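Here is a brief report on one model. Look over the sequence and the fold, then read on.

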Amino acid sequence: LMDIYPTVCELVGAATPEGIDGRSFAKVVRGEATTHRDAIFCAYQGVQRVLRDERYKLIRYPRINRSQLFDLADDPDELNDLSEEPAQK
């Protein structure tokens with residue numbers, strides 16, 4: 001969501017204000033690029049943190065001390081939580 005504002009600014013020819021953390025993905029919208037970021041970090045209040053790259057998605061729930069890990073290449077519907085697998089520790 002933080003990338004929407006700078007993207008709209010670029011698409012309409014407006015300057016993006018200083019201090020904006022997002023990055024425009026206008027090149028993807030215009031078909032000039034196929035990717036925008038290698039990974040993303042998301043947060044929802046103090047409830048959830050997410051780190052996602054092209055293959056994996058790690059979700060952390062700090063209030064309940066719980067994590068989930070999904071291999072999105074093998075499990076795009078996020079049905080198989082790998083966080084308790086010894087190889088994934």
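## Helix 1 and its cover

Helix 2 (26–29) is part of what covers the buried residues of helix 1. The model is predicted. Helix 1 spans 4–12. Its buried residues include Pro 6, Thr 7 and Cys 9. Viewed down the axis of helix 1, the buried residues fall within an arc of 160°, so they line one face of the helix.

Just after helix 1 comes Gly 13. Gly 13 has a positive phi of about 80°.

## Asp 3

Asp 3 sits in the segment before helix 1. Is Asp 3 buried or exposed? Asp 3 counts as buried because its relative accessibility is 9%, below the 20% cut-off.

The side chain of Asp 3 has two partners to note here. One is the backbone nitrogen of Arg 23, reached at 2.7 Å. Another is the side chain of Arg 37, in a polar contact at 2.8 Å. Leaving aside neighbours within four places in sequence, Asp 3 is in contact with Gly 22, Arg 23, Ser 24, Phe 25, His 36 and Arg 37.

## The strand pair

How do strand 1 and strand 2 pair? Strand 1 covers residues 39–44, and strand 2 covers residues 48–53. They run in the antiparallel sense, with 6 bridges. Ala 39 has Asp 53, in strand 2, as its bridge partner.

The two strands form a hairpin with 3 residues between them. In this hairpin, Gln 45 takes a positive phi near 45°.

Definitions and conventions. Residues are numbered from 1 along each chain as its sequence is written. This is a predicted model: local features need pLDDT of at least 70, side-chain atom pairs count only at pLDDT 80 or more; totals for chains, interfaces and linings use all residues. Side-chain values use heavy atoms; hydrogens and water are left out. Helices (H or I, at least four residues) and strands (E, at least two) are DSSP runs, numbered from the N terminus. Buried means under 20% relative accessible area, exposed over 50%, partly exposed in between (1.4 Å probe, protein chains only). A polar contact is a pair of N or O atoms within 3.5 Å; within protein, one must be able to donate a hydrogen and the other to accept it, and residues adjacent in sequence count only if both atoms are side-chain atoms. Contact means heavy atoms within 4.5 Å. The arc is that of the directions from the helix axis to the C-beta atoms. Two strands pair if DSSP finds at least two bridges between them.
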